[in-house]
Amino acid sequence: MFRQIPVDSLEETVILKWLQIPPHLWPQGVNGMGQETKSSRYFTYSPSERPPTADGCSEFKCRYKACEEEEEEFEFDPDGSDPCDPLCSIEQWAGEKFAFVMDPDVSDTDTLGIREYLADQNVMGKEEVRSFQDVWELDLVDRWRLYRKWKATYEEKLQASINGNVCLYEKAAQDLYELTLEEDLMILKTADILAMTTTGAAKYRALLHKIKPPIVIMEEAAEVLEAHVLTTLTPSCQHLIMIGDYNQLKPKLTDYTLASKYHLDVSLFQRMVKNHIPHEQLSHQHRMRPEISQLLSSTFYPNLKDHKSVSLYEDIKGLSKNVFFVEHQVDEDRNTEADGHSNGHEARFLVGLCQHLLRQGYSTDQITILTPYVAQMRQIRFMVRDLGMAAISVKAIDDFQGEASDVVLLSMVRSDWEERAELSRAKNHLCVAFSRARMGLFCLGNFQKLQQSPERKTWRLVLRVLEERGLLGRGLPVPCPNHPESQIHIERPEHFQRFPDWACDRPCDSRLECGHLCKHRCHVHTPGQGAYQCQELCARVLCSGGHRCPKRCWKKCSPCKEMVEKVVPECGHVQRVPCSLPSQVLPCDHPCERLLDCGHPCRQRCSENCASFPCVVKCAEVLRCGHPCMGTCADCLEGRLHRGCNRKCGRLLLCGHQCKDPCADSCQPCRLPCDCKCGHGQCQKRCGEICSPCLKPCPWRCQHHQCSRACFEECDRPRCDQPCGQTLPCGHPCVGLCGETCPPLCRTCHAPELTSAFFGSEVDPAARFVVLEGCGHVLEVGRMDQLMDKGPRPLQLESCPRCDTLIQWHSRYSNVIKARWQGINQVKSIILGSAQEIEEKKRQLTENIIAASVNLHYGEQRYNIRKRVEASRSLPELAALERALGIFRFLDMVRKQAKACTAERRVSLELKLTKLDWWLGTKRATFTHQQLAECRNEIVRISYQADLMRLLSHWEARNTALPGEVANVVDSVLRNLEEKLTDDSELKIKEELAKIGELASCRELWISEDERLSVAKDIEMAKSDWYQCPAGHLYAVEECGESDQAECLECSLLIGGESQHPEEGISPVAEMDGSSPCASGVSVGNLLTPQSQNCEQVAQKLSP
């Protein structure tokens, strides 16, 4: 049985748990369930309604847990939450609790039903709550009523708690207010004068009572409501001083009825004056010029007088009058807005007048545009903003009370009146509008209509005064500053745009600073407009030759440009130059007659420095490739270092493709798709890469024989010579062989074509034929077999004897084709190198680069070489980088020698090295043999010069002269080293250097011959040629120029030495890397050229 708990003990804790309120958010004092009684709990399950959850929790996820103990009772968690529930903030709990709030547009049936239940106000009574024992016995409607009962009970608890806290809050707020008031009182009592608004006085009235000010001064008292005046008065007030003008704006009321019916818009100040309470009136005004104040004295202030300071204002510039009222007959705009009226004509006119005043030099803060209506004010603001005059002050009259401006432009707007009060008919607003200007007042309005307004008496009086003084008219008079007798009357806004810069139609005729008369139409001369540009001819004398300036007068005179003949002092040539150019700086345009250092005539002008321009004469030397050099004398460093040949190479590579690179560069690995084929497809790699073997079963089979090996291996079956048993489409038997592709020609139908003599055996009636897949030619099989089996041959694919198309694949000759491809791949693997060889070479080069990094020069070049070493994938690439590194190592030695020389000799050597650096910087990664040889000779030549110059510098530093014999030899060697270094001249120079070394004992100052030879060897490129013996073995012979013998270890056949003529039976390999066959000449090295290898090393790599 379930024990029961009275409802009174459940009221708060059960509701809090059922609503899933975290315990740390419960009201203080609520900690748990209290003592249990015999009453059964409300949260129990009936046997038929137990949820199918493992732990027995309800579908409402209430904060209790089921404990399968005695009597299977449910125990609430004593702390009100599961142990796994972390504490949360109020914001987090609220976000999770009300996350179910759905979109009001959701039309889901369940959602709508929940909303109906939430909106229902039916609440379960207290007696009804006591009447049931198990909440799960209630139907859905009663459960909702019970939920509302719990919710209302909880709200009552919260409301009672809030009511108690409100009193505490109000008491605390009152205490804070009193403390703040005391603090303010302490501060304000130290002040002599307190300034505040009437609203502030009402707000801090209690503070004023404690301060007890004896004197109260009220400014603008005529605009203050009488009730606001009373808020400023305290019992301690002894003297009230009010200052104001009731002829101007009255107090503002939000309800018009209070003003019209109860006259609350009459201020205390005005009532006291009207009731003749003693007061003082100020009689002198210090703002307006007399022309403006006369409008007010005749209408509003009869006793008004002007102070003498207002008579000192200057007249308004650009206008004839300082005060003027412009009359028009244009009706106002028909606005539907409820906040006023507008008149587009007046708005455009005043904006144009404002632009005119700004052109006269007035600033934007000196001009104000006033209007009685907000709609007109907005329209004018839009106009001035669009014209870039947003800084102009545009305000309503009510908002400008108490302010002033130098120039006021007034728009009256109205031309249509109704039987209701308007701003423009109020005398107070007219008084404000007329009294805001200091120097100028310009008004625009339909004054005939204004005389029909309710304030017609005031307007008639004002207009009468204006007419008497000539200040009223249909057009605004604009005087001409240069011709005072001429005036322009502007009646429409467009007239301001027509006359922006000139005053009248007469010529200006003002005397300019240059002496000429101004020929322009009369215009305004102001400092801000800039000087007038005189268009007369200048005619000033510019030089001693009497030449006059040909420019216009307003332009600045330039030096005389009249062309005259003068003699150039340096060369004696006569030149036609501008007169103002001194003879000392005359540029001579005659062709230069001097010779350059290279011996060619200079092609620049006589006055130019010949050394600043490189020689552009075409190089006449023929390169070793047989093509003429395409560089210039400067490009080739006077014939010492030639540019590479840019013609297409065209050499036949090992793969059978032609090289597409320039002739001057070594042939790179072929980049075309590989032509290697088999019965399963074509190799997907590039031609220069090693082909991957096909591991599929060999497809060559017929009814007599079948190959049992993998596709890439040599077939273990013979060729089938049995006739083909197939029948051609024409009905005749096939002329092919068993297992081969049937030829498309028939012995009967295509007899002339099939038996045409090529090998000579085609006419045999028993002859059989094969068709080549690449070109489609049909050939006699017997002679074709002999041709394919013939040996030895160059290491390249066989080609069709008719058209030279390469035979990439044919099942009958698969063994021959496979042997060729295997040989080609073996050569590729030797040339490119193994992974171990490449890594070892990279390590050596990296160590050499690090060791050379102590030298400051060529650091960037070594860094680039190191990056390329890391990215290299073949030995030829690393060999090219090694040669480049050797070049820079040699140059470092030469630069060290140069640093030990005197300044003049060091500069000479640095110039030579700089030219060499420039030539090396124009090279790509590869060099031809000729370029490498020339580079080596040039570096060696400069190194010899550096050695001799260091010797001379060493003797000069010791203040000792060289012996005469040594000096003669040194001079002779230095003269010889100015020429291009050749093998013959180098031998002679070495002999003379040896002689100098013996006589002067200076070898320790020079680069040692071992270092020179070792570096020179590093930058040489090894040149080798590949050969194939009759048995198909491959090996390479290095081209060394000396007579030597090398033999194939497999066959013991000899091959030649000096002339490189192969012995009988030995065939040269085809141009695998861009080199010519050895029998025809010297090969051209490149990145694919193998390093120096002897025949034995290669034979070991290729031996099975």
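Which handedness does the crossing of H26 and H27 have? The crossing of these two helices is left-handed. The structure is a predicted model, and its protein chain holds 30 helices and 27 strands. Of the 1104 residues in the protein chain, 42% count as buried. Among contacts in the chain between residues at least 6 apart in sequence, 57% join residues at least 24 apart.

**Helix pair H26 and H27**

- Helix H26 covers residues 929-957 and helix H27 covers residues 964-976; their axes come within 10 Å and cross at roughly 150°.
- Angles over 145 degrees count as roughly antiparallel, and H26 and H27 are therefore roughly antiparallel to each other.
- On the H26 side, the contact involves Gln945, Leu948, Leu951 and Leu952, which meet Val970, Val973 and Leu974 of H27.
- By class, the residues of this contact between H26 and H27 comprise six nonpolar, one polar and no charged.

**Helix pair H24 and H25**

- The axes of helix H24 (residues 875-899) and helix H25 (residues 903-921) come within 9 Å, with a crossing angle of roughly 165°.
- That angle makes H24 roughly antiparallel to H25.
- H24 passes H25 in a left-handed crossing.
- H24 contributes Ile887, Phe888, Leu891, Val894, Arg895, Ala898 and Lys899 to the contact, while H25 contributes Arg906, Leu909, Glu910, Leu913, Thr914, Leu916, Asp917 and Leu920.
- The contact of H24 with H25 divides into nine nonpolar, one polar and five charged residues.

**Parallel sheet and the helix across it**

- An open sheet is formed by six strands in the order S9-S8-S10-S11-S7-S12, and their pairing is parallel.
- Strand S9 (393-396) and strand S12 (472-473) stand at the edges with a single partner strand each, so one side of each has no neighbour in the sheet.
- Strand S7 (residues 323-327) runs parallel to S12 and is joined to it by two bridges.
- Within this pairing, Val326 stands opposite Gly473 of S12.
- Helix H13 (residues 344-359) lies across S7, strand S8 (367-371), strand S10 (405-411) and strand S11 (437-445).
- Relative to S10, helix H13 runs at about 160°.

- Strand S17 (residues 563-567) and strand S18 (residues 574-578) run antiparallel and are joined by five bridges.
- Met563 has Pro578 in S18 as its bridge partner.
- The hairpin has six residues between the strands, and Gly572 takes a positive phi near 85°.

- Met196 is found in the loop between helix H6 (140-188) and helix H7 (198-203).
- The relative accessible area of Met196 is 43%; buried means under 20% and exposed means over 50%, so Met196 is partly exposed.
- Leaving aside residues up to four places away in sequence, Met196 touches Ala201 and Leu208.
- Thr232 is 36 residues from Met196 in sequence, and the C-alpha to C-alpha separation of the two residues is 9.7 Å.

Terms used: Residues numbered from 1 in each chain as written. Predicted model: local features only at pLDDT ≥ 70, side-chain atom pairs only at ≥ 80, totals over all residues. Heavy atoms only, no water. Pairing = 2+ DSSP bridges. Helix = DSSP H or I, 4+ residues; strand = E, 2+ residues; numbered from the N terminus. Contact = heavy atoms within 4.5 Å. Axes fitted to C-alpha atoms, helices over the stretch in contact; angles between N-to-C directions. Parallel < 35°, antiparallel > 145°, perpendicular 65-115°, else oblique. Left-handed = near helix turned anticlockwise from the far one by under 90°. Nonpolar A, V, L, I, M, F, W, Y, C, P; charged D, E, K, R; others polar. Buried < 20%, exposed > 50% of the residue type's maximum accessible area, 1.4 Å probe, protein only.
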